[in-house]
Amino acid sequence: MKRTKSLAAVACVALVSTLAACGGSSDDDSGGNTNTREFQEAGSGFEKVADAQGPAPEVKGATTGGDITVLIPSDPGPEDLDPANGWSVLGNSIQQALSQRSLTQYRRNADGEMELVPDLATDLGTPNEDFTEWTFTLKDGVKWETGAPVTAEEIKYGIERTFDTETFTSGPGQVYSVENIDCGEGYAGPQDGDCPGITVSGQDITIKMKVPFPDMDFWGAFMAIGPVPLENSEFPAYGRKPLSTGPYKIQEFRVNESLTLVKNPEWDPATDPARHQYADTFTFKFDQDQEKADQILLSDNASSATTISNNLGATNVAALEQALGDNFVQQTGQCVSYKNPDYTKITDINIRKAIALAYDFDNIMLAQGEVPSVTRIPASTIMPPGMSGRNEYGDTISYQPDKARELLKEAGAEGYKLTMIYDDSAAELKAAAEQEKKGYEAAGFTVEMIPFQEDYYALYDDQDSPINKKLNLRNSNWCSDWPSASTMIPPLVLTGQPYNTSYFSEESVDDRIKEIATLPIEEQPAAWGELDETIATEYFPLIPLAYRNDLFGAGAKIGGFSGDAAMSAINYKDLFVIQ
């Protein structure tokens, strides 16, 4: 899943859109006892409970009523709420937990682990022997917020919409639906008619695949693989206020400002094995100042008691940990931040390697208020730690300007010019960008930095943009969509993918990606690990920078507070206000 604006900033190497922590000061001791924190590897998979039924197990001590405020520091939030466009950690973690249901979902079990369970479907789906066909059965009694029943035809329509990549330019369907579901050559959504590979019979939905797709049950957890009304669902209007099937419905959505959710009386807990409806309302406030958000939690007043922050500033970590107690949560997600040299312009691998050696990791992290090797961990591979099949190869990112100079000299590229954008909307972002520039210059590069405060991914995707045409150094920040490298490597390196911001294209890599999907399931993890190493050693089209620990905080009256490792986010499904 992608990161949004602040996270895409070249200056800010935060890894999940729920945690754009670029606040703080390098003069501080960076959090006191946080320096002893260990990097906790994310798990390589989640248990599956195909027979889980609603209602969800009660959360210990839960009470009903009350209003929850969630502060989102430094992240402007989703541009729209259309399920087909949802491919960000922030938007998906909120909507999939609270308002939009799909075929399957995740829940946190009694041991604190995330597990895959049914949602709108009666189970996790039934594949044929070679995983080229899946059948899901829709539960009875599921309703829209209008009181109308959800139908299998509406789920079929929702899936078909994900093929419309012209409209839903930010959606995950361009990877997982288009590449896997067999709707016929050139099919581009409902405007092309019915998809012959998705058929409905009563409550059953059968989906045929182009290639074996054993992960369809995980793909089914995305709100993109959920129902959409057959009428009055045109984009962009529907994206402002999509109808709810979950415990909460949208009362108001103000783009880049706030999202307010209220209880949906048509949600039936008997149909839902994971969600709860404890609080009366949720109000999400986007693009908040990090320092102010920290101080609200530290103020210990009536308002802060029911407030959550989905990121904690590094300079306040020690004080927040002491003040919040059990409501201070540290979590590791399967997320990686990358620097992306333009593969069509920087054609010499030695120049790309020199960029990696010129990235002054520790000082950049300190400038933006992070704790190097604690909240930001130097990276070495495309795949994150804990992912099944991951190979350890090469060295982690380290600053070696003299060696970078040698590589530039060897390439005959002394003084090579790098052109990149940076976000100058906050002092820390600007300071980190300046530190990055210094590192490159010390290694023998010349650098042009262009201030830019809008959606970085939209810019990178617009190859006609005059600004984008000037760039030869971009970035990407990515979390796995489920515990498989198939959700890490293809979106970042497959030819033509929108988050392949290196514009990397090698036929042999594209062919191998498609070939891995046809291998026996037990062979696929090792094959992804080998491909990861091949891409890095033979081509080096993107530079892994950092893995991260995420820090969440909540006031004293927030109960059920925990992390969701499946989403690299807060677990919103179990939250309540202590009465």
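**Legend A. The largest pocket.** A pocket is an open set of points on a 1 Å grid over the protein atoms alone, where protein lies on both sides within 12 Å along at least five of seven lines, whereas a cavity is a set of points where a 1.4 Å probe fits but cannot get out; lining residues have an atom within 4 Å of a point. The largest pocket of this predicted model holds about 690 Å³ of space, a volume being the space filled by probe spheres set on points joined across faces, edges and corners. Its lining consists of 31 residues, and Asp215, Ser484, Ser486, Gln524 and Trp528 are the closest to the centre. Helix H4 (173-180), H16 and H17 are the elements that give two or more residues to this lining; helices (H or I, at least four residues) and strands (E, at least two) are DSSP runs numbered from the N terminus. H4 gives the most, with four residues. By class, the lining of the pocket comprises 19 nonpolar, seven polar and five charged residues (nonpolar: Ala, Val, Leu, Ile, Met, Phe, Trp, Tyr, Cys and Pro; charged: Asp, Glu, Lys and Arg; polar: the others, Gly among them).

Residues are numbered from 1 along each chain as its sequence is written, and side-chain values use heavy atoms, with hydrogens and water left out. Because the model is predicted, local features need pLDDT of at least 70 and side-chain atom pairs count only at pLDDT 80 or more, while totals for chains, interfaces and linings use all residues.

**Legend B. Helices H16 and H17, which also contribute to the lining of the largest pocket.** Helix H16 covers residues 507-516 and helix H17 covers residues 524-539; they pack with their axes 10 Å apart and at an angle of about 170° (axes are lines fitted to C-alpha atoms, for helices over the stretch in contact, and angles run from 0 to 180 degrees between N-to-C directions). H16 is therefore roughly antiparallel to H17, a label for angles over 145 degrees. From H16, the residues Ser508, Val509, Arg512, Ile513 and Ile516 take part in the contact, and from H17, Gln524, Ala527, Trp528, Leu531, Ile535 and Tyr539 (contact means heavy atoms within 4.5 Å). Eight nonpolar, two polar and one charged residues make up this contact of H16 with H17. Two of the residues in the contact, Gln524 and Trp528 of H17, are also among those closest to the centre of the largest pocket.

Legend C. Seven cavities of 30 Å³ or more are present in the structure. The largest cavity has a volume of about 120 Å³. Its lining has 17 residues, and Gln96, Ala97, Asp564, Met567 and Lys573 lie nearest the centre. Helix H2 (89-98) and strand S3 each supply at least two residues of that lining. Six nonpolar, seven polar and four charged residues line the largest cavity. The second largest cavity has a volume of about 60 Å³ and is lined by Phe46, Gln334, Ser480, Asp481, Trp482, Pro483, Ala565, Ala566 and Ser568. The classes in this second lining are five nonpolar, three polar and one charged.

**Legend D. A sheet of three strands.** This open sheet has mixed pairing and the order S1-S4-S3 (two strands pair if DSSP finds at least two bridges between them). Strand S1 (47-48) and strand S3 (104-108) stand at the edges with a single partner strand each, so one side of each is left without a neighbour in the sheet. S1 is joined by two bridges to strand S4 (residues 114-118), and these two strands run parallel. Lysine 48 stands opposite leucine 116 in S4. S3, an edge strand here, also supplies residues to the lining of the largest cavity.

Legend E. Two bridges join S5 to strand S6 (residues 133-137), and the two run antiparallel. Threonine 126 stands opposite threonine 135 in S6.

**Legend F. Backbone details in two loops.** In the loop between S1 and strand S2 (67-73) lies proline 55, which a cis peptide bond with omega of about 0° joins to glycine 54. A cis peptide bond also joins phenylalanine 235 and proline 236, with omega of about 15°. Proline 236 lies in the loop between helix H5 (216-219) and helix H6 (237-240). Asparagine 232 likewise lies in the loop between H5 and H6; its phi is near 55°, a positive value in a residue other than glycine.

Technical notes:
Parallel < 35°, antiparallel > 145°, perpendicular 65-115°, else oblique.
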